[in-house]
Amino acid sequence: MSTRRDFIKTASLGPLVVPEIEFGKKKVRLSGGEVILFQGDSITDARRKKDDKEPNSSPALGVSYPFFAAGELLYRAPEKDFKIYNRAISGNKVYQLADRWDVDCLDLKPTVLSILVGVNDFWHTLVNGYKGTVQTYRDDYKKLLDRTKKSLPSVKLVIGEPYAVKGVKAVDGRWYPGFPEYQQAAREIADEYGAAFIPYQEVYDKAMKSAPGSYWTADGVHPTMAGAKLMAEAWMKVVSFLLVLVFGVGIVRAQDGVHYSGTTISNVDYHHGRAGAGGGRA
């Protein structure tokens, strides 16, 4: 008969593909009833159906990491009543998020706001004649977050690091050393605003130890199906919520598709890939 200790030990193994990297101490704790909004550019947009305004709608979430992350949350915790939206738009830079922020963010009143933006703020200086600089990016981003916090003072922030996979099609030597300055700016902004930070560059770099960059991203920026799943796994690393796992009659589906049986009821603070007992942080 499995014990709670056996469950915790097994559950902590986590998925094999996701790199075990340091995600920092800042996490987002979900208690139930959250409105979760994904924002950004084409990496997040991913052909979402823009006339579908409903939460938790597959077409409205697109085919990238928001779809996979939302599916994980809705599957793991159906009783939590999460409402999940994707309002990213392909091609956007920070100032273009700001142009539509009232309708596509503030009016939705998210309690959790996840933003991944910055690739175009740099990339378009190479290909579209955009004249913005890293200081433009930093200033625009901080103005956007100041505006957000003024309207939604309790919102929990998740900031994704803009990333690029060097040597895959669009990402060539022209991206360096300039692009890492945008990554550093995103990290510093996350620290300044108390946001959970997802180090996507490190996630991709370490994933390339198991498969080449072209396996994870089609052009050095836009994720393949595997890359989108990789990003969703990383997103889930900074999110936790309280599950009630019931061990009793029969076998109960639990962490990462593994089945467990037992005789106890346990509260578990769930991080994707890890679990901790008694409501403590995992």
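Biologist: Let me start with charges. Which residue forms a salt bridge with R174?

Modeller: That partner is D172. The closest N and O atoms are 3.2 Å apart. Keep in mind that this is a predicted model. As for the general idea, side chains of opposite charge can pair when their charged atoms come close.

Biologist: Are R174 and D172 buried or partly exposed?

Modeller: R174 has a relative accessible area of 46%, so R174 is partly exposed. D172 reaches 30% relative accessibility, so D172 also counts as partly exposed.

Biologist: How many salt bridges does the structure hold?

Modeller: It holds 10. One of them joins the side chains of E188 and R138, at 2.8 Å from N to O.

Biologist: Where in the chain do E188 and R138 lie?

Modeller: E188 is in helix α9 and R138 is in helix α8. They are 50 residues apart, so this pair links distant parts of the chain.

Biologist: How accessible are E188 and R138?

Modeller: E188 has 33% relative accessibility, so E188 is classed as partly exposed. R138 has 21%, so R138 is partly exposed as well.

Biologist: Which residue meets E202 in a salt bridge?

Modeller: K206 does, and the N to O distance is 3.4 Å. Here the helix explains the spacing. E202 and K206 are four residues apart in helix α10 (residues 200-207), so about one helical turn separates them. E202 is partly exposed, at a relative accessible area of 29%. K206 is partly exposed too, at 32%.

Biologist: Now the rings. How many aromatic pairs does a search of the whole structure find?

Modeller: The search finds 15. Among them are F122 and Y182, with 5.6 Å from centre to centre. Read the distance first, then the angle. Their planes are 65° apart, and the pair is edge-to-face.

Biologist: Which helices hold F122 and Y182?

Modeller: F122 belongs to helix α7 (residues 119-127), and Y182 belongs to helix α9 (residues 178-192). F122 and Y182 are both buried.

Biologist: Why is the pair of Y137 and Y182 called tilted?

Modeller: Look at the angle. The planes of Y137 and Y182 stand at 45°, so the pair is tilted. Their ring centres are 5.4 Å apart. This pair also links distant parts of the chain: Y137 sits in helix α8 (residues 134-151), 45 residues from Y182 in helix α9. Y137 is buried, like Y182.

Biologist: Which residues form the aromatic cluster?

Modeller: F122, W123, Y137, Y141, W175, F179 and Y182 form one cluster.

Biologist: A ring can also face a charge. Which ring does the charged end of K93 sit over?

Modeller: K93 has its charged end over the ring of Y130, 5.0 Å from the ring centre. Another case is K166, whose charged end lies over the ring of Y176 at 4.8 Å from the centre.

Biologist: On to the sheet. In what order do its five strands run?

Modeller: The order is β3-β2-β4-β5-β6. The sheet is open and the pairing is parallel. On average, and ignoring direction, neighbouring strands are turned by 15° against each other.

Biologist: Which strands stand at the edges?

Modeller: β3 (83-86) and β6 (196-198) do. Each has a single partner strand, so one side of each lacks a neighbour in the sheet.

Biologist: How many bridges join β2 to β4?

Modeller: Five, and β2 runs parallel to strand β4 (residues 112-116). I36 has V112 as its bridge partner in β4.

Biologist: How many residues of β2 are buried?

Modeller: Six of the six residues in strand β2 (residues 35-40) are buried. Both faces are covered. V35, L37 and Q39 lie on one side, with I36, F38 and G40 on the other.

Notes. Residues are numbered from 1 along each chain as its sequence is written. This is a predicted model: local features need pLDDT of at least 70, side-chain atom pairs count only at pLDDT 80 or more; totals for chains, interfaces and linings use all residues. Side-chain values use heavy atoms; hydrogens and water are left out. Rings of Phe, Tyr and Trp (its six-membered ring) pair if their centres lie within 6.5 Å; planes under 30 degrees apart count as stacked, over 60 as edge-to-face and the rest as tilted. Helices (H or I, at least four residues) and strands (E, at least two) are DSSP runs, numbered from the N terminus. Buried means under 20% relative accessible area, exposed over 50%, partly exposed in between (1.4 Å probe, protein chains only). A charge sits over a ring if NZ of Lys or CZ of Arg is within 6 Å of the ring centre and within 35 degrees of the ring normal. A salt bridge is a side-chain nitrogen of Lys or Arg within 4 Å of a carboxyl oxygen of Asp or Glu. Two strands pair if DSSP finds at least two bridges between them. Axes are lines fitted to C-alpha atoms, for helices over the stretch in contact, and angles run from 0 to 180 degrees between N-to-C directions.
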